[in-house]
Amino acid sequence: MTQPPTVSIRPATGSDEGAGRLSRSESDRLYAQSLDDPDGFWREVAGRLDWIRPPTRIRDVSFDLSDFRIRWFDDGRLNASVNCVDRHLATRGDKTALIFEPDDAAAEAVHVTYRDLHARVCRLGNALRALGVAKGDRVTIYLPMIPDAVVAMLACARVGAIHSVVFGGFAPQSIADRVHDCASKLIITADEGLRGGKRVALKANVDAALRLPGTNSVETVLVVRHTGAAVDMQMPRDRWFDAVVEGQQAQCEPEPMDAEDPLFILYTSGSTGKPKGVLHTTGGYLTYASYTHEVVFDLRQDDVYWCTADVGWVTGHSYIVYGPLANGATSVVFEGVPHHPDVSRFWNVIDRHGVTIFYTAPTAIRALMREGDAPVKRTSRRSLRLLGTVGEPINPEAWRWYFEVVGDGRCPVVDTWWQTETGGILISPLPGDGAFKPGCATRPFFGVRPALVDAQGALIEGAAEGNLVLLDSWPGQMRTVYGDHARFLDTYFRTYPGMYFTGDGCRRDADGDYWITGRVDDVINVSGHRIGTAEVESALVSHPKVAEAAVVGFPHDIKGQGIYAYVTLKAGEAADEALRRELLLHVRQEIGPIAAPDHLQWAPGLPKTRSGKIMRRILRKIAEAGGEELAPGQLGDTSTLADPAVVETLVRDRRRG
Ligand code: WTA
């Protein structure tokens, strides 16, 4: 059945739904204005923050490699924690800043007011200073989704320390790599995390990480008592969080930061080797996170806003912590998972807290859609007025289910495209648009100039498909790869000179709207999480029995993409089920459970060119084919293969499953 191309919102009769939203013509006018006069536009937007010294220089940008610079609000001074907390005290000190919804659905939720949050941030800020943490020092945060994770980020910002949040699902080696790369001085962790009733041994993982080489920059480990489990405390290195914050003053002098001083590092996977430390600075990032959060989610003062991401990812940074709190919003911090204790959990939490704005990932929507409508329909969800998605392309079927079943056909759906590197949303419909295209990220946010290029880098006009680039800067843009500026320039600005290359493919339709088609580099997007093929390959080959490995993505019903690994064993090793399991476990232990391959195929050899380069294109085709027959032409040009017989074997084995 062919679906109509757009979906219109039917506001309930007599309701004021939609009042106050930017209409399409207003947002078109603002967009035009943002391109005509970027300095004037962003000067005004920056006025939404509290500056110690308001910026007079707005933008200083060149993507030209001979004269490269990205600087926003250059001479401004501010402190991010003051903007997220202190400035709300006078008008909304008793308003709830955070609603903590614990993993255990039977446990009570906790409300943290802006006043409470202020005291907690100040106490920890003072404790950090007492432990010798000063402006510019790096602090690693490895915590579950609990209010202390937010407190930890803001306390770092308070004293000018640069936080590096490491997702709680990462294994010791990944923690160690990230600690080593930025030479962290202090780690904030918890005894354990809880996810769907299962315990995660966070402190034990930190202990294991700190036994690995390259981690002796760490002087102190602060341990939040969360589940109360017994953990090994190694004195004097390890300190209980409670004990160090207790007795600290509830006032803490904020460190004045230049707009371009770093706020945080967040590691993300790229197409090569080790994850890179994406660095965001203070003024531009906070302006952009706060402004996009207000406009894209049509934020109002009485909203209860819930983004289901983890603070270990950029979505959690910008749209659980910095954007919502800079805007004085109420933000839900959810420790749990969508299917625990049952698959109505999301919808029950929405009813329990009266959530009005709900922001989640397509992978969660697809997984819940598979459970049918009943688990949704037995909840009310009357409080909802806006839905959002992020992290990967959303298939139109999942979009429609989200819109019709979850949102009862009442709520606009904003499909927001952005990246760790972009700091905030760059392409998205706006709530007041009236008509929406399922599966389409739609159009650029104010000030954003997307374009499509062909493989040679020539700009493509009109309705077409190509690689997505950005022609100009926006305030939330990353500034560098921590400790490796050359890698920053090489990764993003050398492929297409004068442009920022996103790594995504994209189609522009006849209306000029953008449809993101997915990564065009060696990054796999698994359940909205970025995994570099090279990382998984190097984890596999670090196993003593593995000679070689090649990893590609393949379409997966729930995860969007799955991980497919081809493994060649060393001579004499037996390719059996026990070894397969051992290798999957090995990857989990080296990187973390999210990187474990969904499929592992033994490969007597890998398809290579005569110069020895692995032809991933062919491996991708074989993985995608599943049990289907592959017609000879379907693998594309195989004439450059050193040994065509290798491919025949792989295709045959793939069909056998
Ligand atoms: C993908 C997450 C299609 C894309 C905020 C991008 C999307 C990568 C969308 C960044 C979307 C994110 N539609 N694809 N709405 N949002 N992506 O750094 O491939 O974890 O490059 O940032 O996710 O992932 P990251």
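Tutor: A polar contact here is a pair of N or O atoms within 3.5 Å. Keep in mind, too, that this is a predicted model.

Student: Okay, so how far is the side chain of R519 from an oxygen atom of the ligand?

Tutor: An N or O atom in the R519 side chain is 2.8 Å from an oxygen atom of the ligand. That pair counts as a polar contact because the cut-off is 3.5 Å.

Student: And what about R530? How far is a polar side-chain atom there from the ligand?

Tutor: For R530, a polar side-chain atom lies 2.7 Å from an oxygen atom of the ligand.

Student: Which part of T416 lies 2.7 Å from a nitrogen atom of the ligand, backbone or side chain?

Tutor: The backbone: one of the N or O atoms there in T416 lies 2.7 Å from a nitrogen atom of the ligand.

Student: How much of the ligand's accessible area does the protein cover?

Tutor: On its own the ligand has 530 Å² of accessible area, and the protein covers 96% of that.

Student: Which elements give two or more residues to the shell around the ligand?

Tutor: Those are helix α10 (314-326) and the strands β21 (413-416) and β28 (514-519).

Student: And which residues come nearest to the ligand?

Tutor: Out of 17 residues around the ligand, the nearest are D415, T416, T420, D504 and R530. By type, the shell divides into six nonpolar residues, six polar ones and five charged ones.

Student: New topic. Which residues does UniProt list for "binding site"?

Tutor: The unreviewed UniProt entry lists V541, H543 and V546 under that heading.

Student: Let's take H543. Is H543 buried or exposed?

Tutor: H543 is buried, because its relative accessible area is 6% and buried means under 20%. H543 sits in the loop between α16 and β31 (546-556). Setting aside residues up to four places away in sequence, H543 touches L579, E582, L583 and H586.

Student: And where is V541?

Tutor: V541 belongs to helix α16, which runs over residues 533-541. V541 is partly exposed, at 38% relative accessible area. Beyond the neighbours within four places in sequence, V541 is in contact with V546, A547, E548 and A549.

Student: What does the UniProt annotation say about K613?

Tutor: The unreviewed entry marks K613 as "modified residue: N6-acetyllysine".

Student: Where does K613 sit?

Tutor: K613 is in the loop that links β33 (599-602) to α18 (616-625).

Student: Why does K613 count as exposed?

Tutor: Because the relative accessible area of K613 is 59%, and exposed means over 50%. Neighbours within four places aside, the contacts of K613 are P607 and K608.

Student: You mentioned α18. Which of the residues there are buried?

Tutor: In α18 the buried residues are R616, I618, L619, I622, A623 and A625. The buried residues of α18 pack against α16, β31, β32 (560-569) and α19 (645-656). Just after α18 comes G626, with a positive phi of about 60 degrees.

Student: Which residues is G273 in contact with?

Tutor: With A534 and E535, leaving aside neighbours within four places in sequence.

Key
Residues numbered from 1 in each chain as written. Predicted model: local features only at pLDDT ≥ 70, side-chain atom pairs only at ≥ 80, totals over all residues. Heavy atoms only, no water. UniProt positions renumbered as here; feature names shortened; annotations may be inferred. Helix = DSSP H or I, 4+ residues; strand = E, 2+ residues; numbered from the N terminus. Buried < 20%, exposed > 50% of the residue type's maximum accessible area, 1.4 Å probe, protein only. Contact = heavy atoms within 4.5 Å. Near = heavy atom within 4 Å. Polar contact = N/O pair within 3.5 Å; in protein donor to acceptor, adjacent residues only side chain to side chain. Areas by Shrake-Rupley, 256 points an atom, 1.4 Å probe, with all protein chains shown as cover. Nonpolar A, V, L, I, M, F, W, Y, C, P; charged D, E, K, R; others polar.
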